[in-house]
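Please read it alongside the structure shown here.

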Amino acid sequence: FSYECYLIWDHCQPVVAGPGAKGAKSDIAEDARLDLRLLLSTLDKPPAIDRWPKLGESDPNHVLVGQFTSVSPHDDHHEQPDLVTPNLVLGEKFYQNRSLYLHVSALRQGAEGPRVVRTRTEKLSRQVLQASRKHKRRYLLGRLPPNANMTKERLDDFAEEKLGTASISSLPKVVELGFVTENRELDVARLREKGLKHLVKGKSLALPLFVNTLVSPRDEYQPLLEGLDVSLEFRLRNIGLAYWTLQQTLTLAFDDAEKTYGMNEYDVDSFKQMITGSSPWKITLVYTVAILHLILEVMAVSSDISFWKAKTSFEGISSSSVALQTTSSIIMFLYVREQEQTKMVMYLIFAKFCLQVWKLRKLTMFKKIPRPPYFKWVNRSGAETGLEEMQDIEDFERRCVLQLFLVLVPVMVAYCAYRLVFEKFRSWWSWLILSLAVGSQVGGFAIMTPQIFLNHRLKSVEHLPWRALTFQAVNTFIDDIFTLFIRMPEIHKYSAFRDDIIFIICCAQRWMYRNNSSSNKKPLAEDDDHSDPPLFTREKDE
């Protein structure tokens with residue numbers, strides 16, 4: 001893997017021209033100031049610059065959406081605000097379900113008028129079937145919510161009635177654009193070896209304009225239907241030549257994977273979003289976190305499998321806890337499947353489910369009985385029936401957990417009721433599986449809290465294994481970063497933040513009880529061998 005990463009880095013890294021080597025440098029002066037004009041068109045070739053319409057002018061095939069003025073092609077930091085075009089007014093030809101193109105021209109102002117320095121044409125539209133039309137959704141209670149936007153509801157009904165389940169030309173909400181920058185003199189021969197000979201013009205480099213349409217994934221594209229508002233946001237971003245080459249390489253690889261292996265569109269767009277943008281630090285952070293996350297998960301699963309393989313006595317192990325985790329995995333699997341978005345997360349949840357079923361098979365068995373149904377599900381010798389998380393805690397902590405449940409259950413019910421009233425669902429099954437997923441996450445959080453209540457009762461945290469807690473916290477924060485960058489269903493994303501709440505509360509308790517002496521406190525367990533036991537069981541649904 002490291003060697004593959006090195007090969008990719010070596011391929012994308014431009015080679016500076018050495019002594020005696022033929023070199024080429026950017027043909028745009030470092031102190032140049034250019035204007036960027038943006039034209040949305042139904043034609044794949046831009047008109048002459050003097051024939052471009054002005055802002056607000058009507059044209060059957062072209063619409064000038066705006067411009068960035070006095071842009072430095074070699075400046076990585078721009079203070080110009082994003083260009084937002086709300087309620088874009090388009091001609092009739094734009095609504096004929098055809099391809100639309102974005103023409104970007106870099107202009108140098110002069111006494112004889114603007115002169116085109118660079119131009120770039122990018123296909124902006126895609127044929128998309130929006131999720132709201134793929135499966136008909138409705139208010140399950142049969143009436144509109146009190147604060148419903150009647151205009152939006154009528155337009156949604158109009159789009160559904162007119163289009164049905166047909167794909168339609170759609171536009172992204174956000175587009176990034178700017179210059180590809182490189183101030184050094186590069187080796188022409190090495191550029192040709194890397195497949196970049198089209199950039200070499202004699203002794204000059206004609207670096208292209210940068211246009212990124214992958215900021216908005218396909219499931220968030222806006223349908224082009226007359227009567228529906230369309231808004232576009234353009235962000236000015238310059239990008240280095242090495243990072244631009246990396247983006248082009250990885251984007252082509254993801255496109256090939258989608259076509260060859262049938263990868264899910266949602267997951268492919270999620271990966272593309274990670275590698276796009278103007279900052280190479282983003283992709284470095286994302287892939288570092290992703291690799292760490294993968295390594296930690298593999299280590300955790302391998303350790304778990306080795307533990308259960310070697311286990312011959314199940315004394316002190318709760319079959320109810322494993323059964324609860326298995327049930328939670330089933331619920332989350334059904335929830336992710338119902339959303340019909342990511343398949344990657346669904347496969348991970350299914351793998352965890354299979355692992356939990358294997359554990360249950362080792363902990364429990366079916367026993368024949370003389371009466372119907374003629375079998376009984378029983379524990380093997382030594383296995384406990386109570387929840388492992390609720391064992392060995394005092395009545396005080398048990399009461400606190402039950403009181404927490406009494407607080408969280410109304411909140412959970414109110415949340416599910418709110419979603420029922422104010423949101424559309426495909427069926428009652430969709431709402432039910434959402435409610436079960438919320439209940440699963442709430443229950444998983446509640447059974448992680450006895451340690452918090454125990455600390456409160458003892459007014460001390462000196463008995464906690466802080467070394468183990470720190471390792472678990474690092475793993476948790478890595479999961480958080482991974483969750484923030486990887487798109488996934490809403491409820492599944494929330495599950496990653498449960499451990500954060502526990503850790504933050506423990507840190508707050510450590511500060512609150514920092515002056516308390518441990519001489520009058522009874523520790524929960526000795527730690528003579530310095531091997532820290534886990535503070536709490538992480539019940540994460542991958």
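Helices (H or I, at least four residues) are DSSP runs, numbered from the N terminus. The model is predicted: local features need pLDDT of at least 70, side-chain atom pairs count only at pLDDT 80 or more, and totals for chains, interfaces and linings use all residues. Residues are numbered from 1 along each chain as its sequence is written, and side-chain values use heavy atoms, with hydrogens and water left out.

**Surface patch**

- Helix α1 (residues 2-12) contains Tyr-3, which is exposed at a relative accessible area of 57%.
- Exposed means over 50% relative accessible area, buried under 20%, and partly exposed in between (1.4 Å probe, protein chains only).
- Tyr-3, Tyr-6, Leu-7 and Trp-9 make a nonpolar surface patch of about 490 Å².
- Patch residues have over 30% relative accessible area and no salt bridge, and nonpolar side chains (Val, Leu, Ile, Met, Phe, Trp, Tyr) are joined within 5 Å.
- A salt bridge is a side-chain nitrogen of Lys or Arg within 4 Å of a carboxyl oxygen of Asp or Glu.
- Areas come from the Shrake-Rupley method with a 1.4 Å probe.

**Aromatic pairs**

- Rings of Phe, Tyr and Trp (its six-membered ring) pair if their centres lie within 6.5 Å; planes under 30 degrees apart count as stacked, over 60 as edge-to-face and the rest as tilted.
- There are four aromatic pairs in the structure.
- One of them joins Phe-333 and Phe-350, a tilted pair at 5.8 Å centre to centre with 45° between the planes.
- Because Phe-333 belongs to helix α8 (residues 319-339) and Phe-350 to helix α9 (residues 344-363), this pair ties together parts 17 residues apart in sequence.
- Phe-333 is partly exposed at 22% relative accessibility, and Phe-350 is also partly exposed, at 41%.
- The pair of Trp-428 and Trp-431 is edge-to-face, because the ring centres are 6.0 Å apart and the planes stand at 90°.
- Both Trp-428 and Trp-431 sit in helix α11 (residues 428-446), three residues apart, about one turn of the helix.
- Trp-428 is partly exposed at 42% relative accessibility, whereas Trp-431 is buried at 19%.
- Phe-333, Phe-350 and Phe-353 are linked by ring pairs into a cluster.

**Helix α12**

- Seven of the nine residues of helix α12 (residues 450-458) are buried, leaving the helix mostly covered.
- Among the buried residues are Pro-450, Ile-452, Phe-453 and Leu-458.
- The buried residues of α12 pack against α10 (395-422), α11 and α15 (498-512), where contact means heavy atoms within 4.5 Å.
- Lys-459 follows α12 and has a positive phi, near 55°.

Key:
Patch = residues over 30% accessible without salt bridge, like charges linked within 9 Å, V, L, I, M, F, W, Y side chains within 5 Å. Helix = DSSP H or I, 4+ residues; strand = E, 2+ residues; numbered from the N terminus.
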